[in-house]
Amino acid sequence: MGWPLAVSAGLMDKSPRALFRALWALSAGHLLATLLVLLPFAFLLVLAEWQRPVQLGASLLVIGFGVYRLIDRRHPRALTRIPPTQLALWSFAVAIAHGAALMLVPIYLGLCRAFDLDAGHEAAGALMKASLGMAVLVSLVHVTAMVGAGGCLAWLVYRHLGLRFVSRSWFNLDAVWATSLIMVGAVALAFNLVSWR
């Protein structure tokens, strides 16, 4: 019922243009709200209908990115210094980019068949289906464990070992990561091609 606000805007500015600007803003906000709710469900439907091509494409994309990282070994300069004010944004972007908790969505939505799951996945599914609060608790426990382990390592290097230890003992994690991407993509591609026949 935003039309009274449009009328108010037109009367305050004594202009029909103000009325139409308000209607435009109201329609944009309403459209954004409906899309925010409907698009995830539409996206899931598309994923279900196009599961095979999406899986094949994702496998090839992962293999391609792994090969690219093996060939181009330069580390992005933008990641050398992230200001403390932007660390939360960086953490959010990286967690989204690397699929944090994305692997739990099919279990949470009940898309995985129970006989295909091992005991750990069945337990995770039962916990998440228990309530929204339990899903939040699982997320909090995950973040606490991750920050606790990473925080201990960071404190150990910062306080006792120093950067000299890191520079002497560092090995190329980018090459390990790129190789693992290629292997995971190849395995996924092989499973998809075998099950397609």
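Which backbone oxygen lies 2.9 Å from a polar atom of the side chain of Ser59? I will come to that in a moment. First, a caution: this is a predicted model.

Back to Ser59. The oxygen in question belongs to the backbone of Gln55. Ser59 itself is found in helix α3, and that helix covers residues 51-71. Is Ser59 buried or exposed? Its relative accessible area is 3%. Buried means under 20%, so Ser59 counts as buried. What does Ser59 touch, apart from its neighbours within four places in sequence? Gly185, Ala188, Leu189 and Asn192 are in contact with Ser59.

Next, another residue of helix α3, which is Arg69. You can find Arg69 on the model and follow along. The relative accessible area of Arg69 is 10%, so Arg69 is buried as well. A polar atom of the Arg69 side chain lies 3.3 Å from the backbone oxygen of Asp72. If we do not count residues up to four places away in sequence, Arg69 touches Arg74, Asp174, Trp177 and Ala178.

Now to helix α1, residues 3-13. Which residues of α1 are buried? They are Ala6, Ala9 and Gly10. Looking down the axis of α1, these buried residues fall within an arc of 95°, and therefore they line one face of the helix. On the other side of α1 we have Leu5, Leu11 and Met12, which are exposed. What covers the buried residues of α1? Helix α2 is included in that cover. After α1 comes Lys14, and the phi of Lys14 is positive, near 50°.

That brings me to helix α2, which runs over residues 16-49. The residue to look at here is Phe41, which lies in α2. Phe41 has a relative accessibility of 59%. The cut-off for exposed is over 50%, so Phe41 counts as exposed. Phe41 also has a part in a nonpolar surface patch. Leu36, Val37, Leu38 and Leu44 make that patch together with Phe41, and its area is about 530 Å².

To recap, Ser59 is buried at 3%, Arg69 is buried at 10%, and Phe41 is exposed at 59%. In α1, the buried residues line one face. That is what I have for today.

Technical notes: Residues are numbered from 1 along each chain as its sequence is written. This is a predicted model: local features need pLDDT of at least 70, side-chain atom pairs count only at pLDDT 80 or more; totals for chains, interfaces and linings use all residues. Side-chain values use heavy atoms; hydrogens and water are left out. Helices (H or I, at least four residues) and strands (E, at least two) are DSSP runs, numbered from the N terminus. Buried means under 20% relative accessible area, exposed over 50%, partly exposed in between (1.4 Å probe, protein chains only). A polar contact is a pair of N or O atoms within 3.5 Å; within protein, one must be able to donate a hydrogen and the other to accept it, and residues adjacent in sequence count only if both atoms are side-chain atoms. Contact means heavy atoms within 4.5 Å. Patches are made of residues with over 30% relative accessible area and no salt bridge: like charges are joined within 9 Å, nonpolar side chains (Val, Leu, Ile, Met, Phe, Trp, Tyr) within 5 Å. Accessible areas come from the Shrake-Rupley method with a 1.4 Å probe; for residues, only the protein chains shown count as cover. A salt bridge is a side-chain nitrogen of Lys or Arg within 4 Å of a carboxyl oxygen of Asp or Glu. The arc is that of the directions from the helix axis to the C-beta atoms.
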